[in-house]
Structure formats: C-alpha cells, structure tokens
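Visitor: Please walk me through this model. I want the criterion behind each label.

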Amino acid sequence: MHDGSLDTIRRFLAGKTETFACYRLPDETDATLLAGKPETVEEICGRGFAIAPFCRTEGCPTVMIRPERMAVCRLSADEQPFVAEICPENRPEERKAYAAGFEKCKQALASGKLKKVVYARRHVISLPASGKDALCAGFLRACRLYPRNYVALWCTPQTGTWLTASPELLVRTTEKDARTSGATMALAGTLGATDGQLPAPGAWDEKNRAEQHLVTQYIMERLADCCTDIQAVGPRPMRSGNVVHLCTSVSFRYGKADAGVIARRLHPTPAICGFPSAEAAAVLAEAENGPRRYYAGYSGPCGICDGQTHLYVSLRCLEAESTQATLYAGGGLLPESTETAEWEETQKKLAAILTVVGI
C-alpha cells in the first residue's frame with residue numbers, strides 16, 4: 001500500500017474501524033496506518049500507539065492502541081511550505097473571554113507565585129458532512145505543509161478523534177546493541193515567519209529568550225536523576241509553518257528508565273504549562289475557557305519503529321466531533337507579556353491548523 005492518496009487511507013479505514021491512528025514522523029516519506037484495540041493504561045507500556053492527556057482524569061485516560069492491522073502509506077514528495085493562511089473568524093465574545101483569562105494569569109504572575117504560565121484558548125468551527133474524509137485529507141495536507149513536524153490523526157472511544165501537527169518532541173528513545181540513548185527538546189519562544197524567512201538573531205527579545213532558558217533548565221534538572229551524559233545544544237531557530245520557535249536540543253543516555261518513565265518526569269514542561277507546574281495548572285483551570293483534554297498532552301508510536309519510541313507534545317491540534325471541531329492554541333506568559341501580542345500569537349497558531357483542515 002504505497003500510493004499515498006486519500007483512497008489509501010479510506011481503504012484502510014473501511015468498515016467498522018472505531019480505533020485507529022495514522023502518523024508521520026518528522027522528515028519521513030512514509031506514514032504508518034494502524035488499527036487495533038484501545039487499552040486504558042496507568043502508564044505508557046509495551047508496543048503500540050500511545051495517547052496521553054494534558055492532565056489524566058477518569059474522563060481523559062491514557063490509552064495505548066495495540067495494533068492488529070498495520071500498513072505503510074507512501075506520501076507525496078511535493079512539499080507545500082507556503083500557502084495562503086486561513087485566519088480564524090473574528091469573534092468579539094471570544095476575544096473578551098481571552099482577555100479576562102489573560103488578566104487572571106497576569107495577576108498570578110504579578111503575585112510572584114509563578115515565573116511563567118502557558119495560557120491557551122479554544123476556537124470552535126463547523127465540520128463538513130464528510131467529517132472523517134475531511135480529517136484524513138487534512139492529515140495528508142499537514143504532512144505536505146509541515147514536513148519537519150510530527151503529524152498524527154487518531155480515534156479511540158476513550159479519547160475521541162484528534163488531528164495534530166506538532167513541532168515539539170517530548171522524548172525519543174532508542175535501544176540498540178545494549179546501548180540506550182534518548183533525545184528531547186526545549187521549544188519556547190515564538191515569532192512569525194515572514195515569507196518563510198527565519199527572524200534575524202536580534203529579533204528575539206528578552207521575553208522569548210527568558211522563556212527558552214526556563215524550559216531548558218527545567219528539562220536538564222528533571223533528567224538529572226534518571227539519565228546520564230546529558231548534553232544541550234542551542235538555542236537555534238526552528239521553523240514550523242507560519243511561525244518560528246527557539247529550540248534547544250537535548251540528548252542523554254538512560255539505564256533502567258524507559259520512555260514512559262522519562263515522559264512522566266518531563267510532562268508537563270514549562271513550554272506547555274508553566275513554572276512551577278502545579279501552581280500554573282491551578283491558575284489555568286480557572287483562566288482557560290474549557291478543559292484541554294488531549295491538547296498539550298502527548299502521543300506517538302512505542303516499539304513500532306525498530307524498537308524506538310517517539311512521543312510528541314500534542315500541539316497545533318483539533319478535536320473533532322460529528323459536526324464541529326475544537327481548535328486549541330496557547331502561548332507562554334511572563335510578567336512583561338501583553339494581551340495584544342499574545343492574542344496575535346494564538347491567532348497565528350490557530351491559522352496553522354485551520355489551513356491544514358482547509359475550512
């Protein structure tokens with residue numbers, strides 16, 4: 001199965017396939033399709049496709065799809081890095097709600113309880129009648145638009161249906177010849193990409209650099225007690241569609257710890273929650289206009305790709321229901337953040353996923 005067309009995915013999902021995942025790892029030319037049994041788990045374990053929420057609750061469990069059928073889908077080699085963005089609809093009530101939550105976050109930052117908080121919003125759109133077809137087409141479009149992102153579409157009875165095109169690696173582990181090595185990244189700081197050009201070094205202000213430094217330090221500290229040979233390289237600019245982030249790459253070796261343990265040590269990082277994380281999560285529960293569910297959680301294949309595990313943070317994503325989809329986007333706030341700039345950043349991020357779906 002190598003034609004890469006929408007028909008390929010249609011054929012694979014034909015019939016009563018209630019649980020499936022389609023994913024494409026960064027810089028790969030193939031997508032993997034799998035269908036199987038969904039298993040609710042306490043921790044990520046064994047072989048399968050993992051789906052973890054931002055905050056695990058009875059209604060948002062961690063799920064492993066245990067594959068019973070798999071196929072490889074050869075993708076088009078045509079990259080589409082620059083397309084006309086579909087901007088989010090201007091809704092005054094949505095802006096008003098965002099401003100109210102922003103003020104709650106700023107008050108928490110001003111009190112000194114938080115160093116950083118990552119404030120997110122939701123944006124609801126209508127889906128066409130051909131919902132699953134539109135999402136499958138969106139998956140293929142995302143693979144073309146974001147060749148260096150992790151792209152995934154999954155559906156289980158426990159989680160619902162989600163599409164993500166994420167630039168952010170949470171953890172990658174490799175076991176080969178009795179050697180274990182891993183990688184993660186600190187991804188924080190965002191600027192717009194003008195005509196696909198990376199911002200000049202001087203464009204990154206102190207706010208963006210401070211965000212990046214905070215996330216990097218957190219990751220280094222969290223890895224220190226379960227990994228060795230920890231090395232950081234960066235930060236460097238990393239483009240993801242219409243935005244550019246600052247990225248520090250982190251490599252390490254691990255012994256008895258596995259990918260699930262390391263993911264649990266890192267999640268949620270200050271890049272998607274804030275710091276300190278427990279205090280930030282409490283503020284967000286009050287400030288945000290709805291639960292995150294699987295937004296800013298993580299997903300990816302475990303033990304499917306040559307024994308490797310690849311877990312990515314679920315960003316640039318949407319949750320699809322029968323007639324509508326909820327899109328999610330957020331940004332990191334520091335004491336000096338302004339509401340207008342942060343709103344515009346979420347608009348950019350929402351445009352990225354709207355352009356993927358084409359609605």
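Guide: What follows sets each value against its definition. This is a predicted model: local features need pLDDT of at least 70, side-chain atom pairs count only at pLDDT 80 or more, and totals for chains, interfaces and linings use all residues. Residues are numbered from 1 along each chain as its sequence is written, and side-chain values use heavy atoms, without hydrogens and water.

Visitor: Why is Ala-100 called partly exposed?

Guide: Buried means under 20% relative accessible area, exposed over 50%, partly exposed in between (1.4 Å probe, protein chains only). Ala-100 has 44%, so it is partly exposed. Ala-100 lies in helix H2, residues 92–110; helices are DSSP runs of H or I, at least four residues.

Visitor: What share of the protein chain is buried?

Guide: Buried residues make up 55% of the 359 residues.

Visitor: What makes a set of residues a nonpolar core?

Guide: Its members are buried Ala, Val, Leu, Ile, Met, Phe, Trp, Tyr and Cys residues, joined through side-chain atoms within 4.5 Å. The largest has 71 residues; Tyr-23, Phe-49 and Ile-262 touch the most other members. Apart from it lies another core, of 37 residues, including Leu-13 and Val-151.

Methods. Helix = DSSP H or I, 4+ residues; strand = E, 2+ residues; numbered from the N terminus.
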